[in-house]
Amino acid sequence: MSRPRIVIVGAGFAGYRAARVLSRLTRHKADITLLNPTDYFLYLPLLPQVAAGILEPRRVTVSLTGTLPDVRLVLGEADAVDLDGHTVRYTGPEADGGTLPFDRLILAAGSVNKLLPIPGVAEHAHGFRGLAEALYLRDHVTRQMELAASADDPASCAERCTFVVVGAGYTGTEVAAQGKLFTDSQVRRRPLRAGMRPRWLLLDIAERVLPELDETLSRTADRVLRQRGVEVRMGTSVKEATHRGVLLTDGEFVDTRTLVWCVGVRPDPLAESLELPLEKGRLLVDPYLQVPGRPGLFAAGDAAAVPDLEKPGAYTPMTAQHAWRQGKAVAHNVAASLGLGERRAYRHRDLGFVVDLGGVKAAANPLGIPLSGVAAGAVTRGYHLAAMPGNRVRVAADWLLDAVLPRQAVQLGLVRSWSVPLDTASPELARVPGGPEKARAGNPGSAGGSPAGEGAEPADAIRDADAGKHAEPPGPLKEPDLIQDADAAKHAEPPGPLKEPDLIQDADAAKHAEPPGPVKEPDPAQAPERAPGAASSDAPAVHKHRPRDPSTLAPPEPGSPASSEGDS
């Protein structure tokens with residue numbers, strides 16, 4: 001008799017924990033497959049520290065194969081689910097596809113950036129949901145500060161060192177708090193023009209910072225931000241975004257090259273594609289995290305609307321502490337459906353919240369006890385070390401080094417502006433040249449609910465004055481990007497036919513590229529003289545992926561890993 005097949009879609013907080021617990025419960029009595037675009041679990045609460053240069057990127061990632069030895073990892077993105085045929089169709093990282101058969105399916109696909117119908121936001125704002133976005137933001141902030149320090153024009157200097165963060169929830173508050181410390185440290189080593197300082201604005205239509213938390217934590221965070229020099233503007237948001245700045249709802253126009261979008265998240269469009277009952281884009285499930293009428297289908301995390309048994313009639317919010325706990329509950333219920341153990345209804349109890357504000361400052365209320373300052377900072381970092389599934393020693397070592405050594409501020413240039421657009425169904429992945437974006441259904445922030453133009457790449461979030469030098473892969477022309485690299489013209493790919501990318505290339509790959517078409521031995525006697533400007537047969541080819549098939553805010557609490565918005 002063959003073993004039952006369990007497929008888990010997504011390795012965020014819910015999917016990762018479900019895989020780990022199921023591996024222990026089944027003990028080789030079932031085949032467990034985990035489908036995820038990356039080979040790591042991302043610990044989102046520490047992502048702002050990556051953008052601020054405190055932690056190295058790999059510190060906040062946990063290897064899936066290294067920590068889930070009895071789980072088969074398949075790299076790819078789920079495109080469609082055939083509930084009657086019991087298969088999941090996916091696209092791999094090199095545009096190759098496949099199908100995964102299942103007897104039990106756990107949908108934990110997570111969430112994506114939530115856009116609002118505000119002119120220019122989709123084109124000129126930059127999200128903060130994945131590692132690539134954090135790396136790009138760190139490079140961009142460093143670049144803008146260096147260009148501001150060398151600028152002769154006072155107006156150019158001012159707009160380069162002005163940074164606007166929209167969304168005063170958990171993520172936006174931490175990004176603004178950590179970002180201000182990061183830019184201040186750069187100014188101490190390389191001062192700006194006389195009388196100029198880095199300017200950070202935190203905007204939200206809510207009445208206070210961290211509106212989802214109690215007022216004590218909100219007041220603590222607000223006080224720390226204002227003392228640090230962050231302009232906290234509640235009741236204010238963005239009315240329009242342009243390539244030179246943002247128009248606020250109070251009528252002020254702020255000249256800036258940086259707009260960071262931390263407004264919130266929405267469920268992954270995969271849930272909507274199943275054509276099952278939804279609650280604001282989330283699959284309706286029972287207290288056992290099972291979809292009614294579908295015995296083999298379960299959902300957890302941001303993809304699931306789970307009844308809140310502590311608040312009858314309500315659903316649990318899209319936070320990572322819920323996703324982490326739901327991952328454990330759904331694992332037990334899937335195992336119970338296979339005759340291993342008993343079902344468990346999902347219940348939760350809040351143990352408190354922590355918000356890291358940078359340096360030794362934080363806001364926390366473990367077990368309902370409000371803390372601030374150094375005590376809150378110690379509790380916050382202790383909680384994160386306890387909650388992380390791995391890399392605890394490395395994270396602690398980076399914190400120690402940051403406390404005793406000056407922070408490094410260099411541009412690595414690993415992520416280009418056009419590779420991390422705001423309107424994407426895969427914020428955890430950087431876009432590759434020529435690879436069309438996976439379609440997103442129903443996003444109010446994009447025209448028609450999908451990227452502009454089939455295969456076209458939308459303009460990116462944040463840019464500098466050298467945007468014109470940034471050549472993107474051949475495609476429709478559009479408005480220049482907000483964040484751009486001054487040396488991008490050196491990296492532009494030549495025009496030409498697009499092909500599937502090679503796996504491995506070295507610095508001299510262009511010299512070894514084969515010319516398109518069959519190669520023949522040339523006849524020196526018959527070789528025609530090349531006309532001026534004619535393409536050489538030695539010219540390298542540009543590659544791209546084959547098209548794929550289209551398809552608020554709560555901080556962590558002690559006792560369970562959490563992120564600002566969502567589980568993956």
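## Salt bridges and helix packing

Glu 310 and Arg 347 bring their side chains together in a salt bridge, with 3.8 Å from N to O, a salt bridge being a side-chain nitrogen of Lys or Arg within 4 Å of a carboxyl oxygen of Asp or Glu. This pair links distant parts of the chain, since Glu 310 lies in the loop between β22 (304-305) and α10 (320-337) and Arg 347 in the loop between α10 and β23 (354-356), 37 residues apart. Glu 310 is partly exposed at 44% relative accessibility, whereas Arg 347, with a relative accessible area of 54%, is exposed; here buried means under 20% relative accessible area, exposed over 50% and partly exposed in between, for a 1.4 Å probe and protein chains only.

The model is predicted, so that local features need pLDDT of at least 70 and side-chain atom pairs count only at pLDDT 80 or more, while totals for chains, interfaces and linings use all residues. Residues are numbered from 1 along each chain as its sequence is written, and side-chain values use heavy atoms, with hydrogens and water left out.

By the salt-bridge rule the count comes to 18. One of them joins the side chains of Arg 3 and Asp 31 at 2.5 Å, N to O. Because Arg 3 lies in the segment before β1 (5-9) and Asp 31 in strand β2 (residues 31-36), this pair ties together parts that are 28 residues apart in sequence. Arg 3 is partly exposed at 38% relative accessibility, and Asp 31 is partly exposed with a relative accessible area of 32%.

Another salt bridge is formed by Arg 233 with Glu 231, whose closest N and O atoms are 3.2 Å apart. Arg 233 counts as buried at 19% relative accessibility, while Glu 231 counts as partly exposed at 26%. Through salt bridges that share partners, Arg 199, Glu 231, Arg 233, Asp 250 and Glu 252 are joined into one network.

Two packed helices are described by the angle between their axes and the distance between the axes. The axes are lines fitted to C-alpha atoms, for helices over the stretch in contact, and the angles run from 0 to 180 degrees between N-to-C directions; helices (H or I, at least four residues) and strands (E, at least two) are DSSP runs numbered from the N terminus. A crossing is left-handed if the near helix is turned anticlockwise from the far one by less than a right angle, and right-handed if clockwise.

| Helix pair | Axis distance | Crossing angle |
|---|---|---|
| α5 (residues 131-150) and α7 (residues 170-189) | within 11 Å | roughly 40 degrees |
| α7 and α8 (residues 215-228) | 10 Å | about 25 degrees |
| α1 (residues 13-26) and α10 | within 7 Å | roughly 35 degrees |

α5 passes α7 in a right-handed crossing. The contact (heavy atoms within 4.5 Å) is made by residues including Leu 137 and Met 145 of α5 and Phe 182 and Val 187 of α7.

In contrast to that handedness, α7 passes α8 in a left-handed crossing. Among the residues that meet are Lys 180 and Asp 184 in α7 and Leu 225 and Arg 228 in α8.

α1 passes α10 in a right-handed crossing, and the residues in contact include Phe 13 and Tyr 16 of α1 and Trp 324 and His 332 of α10.
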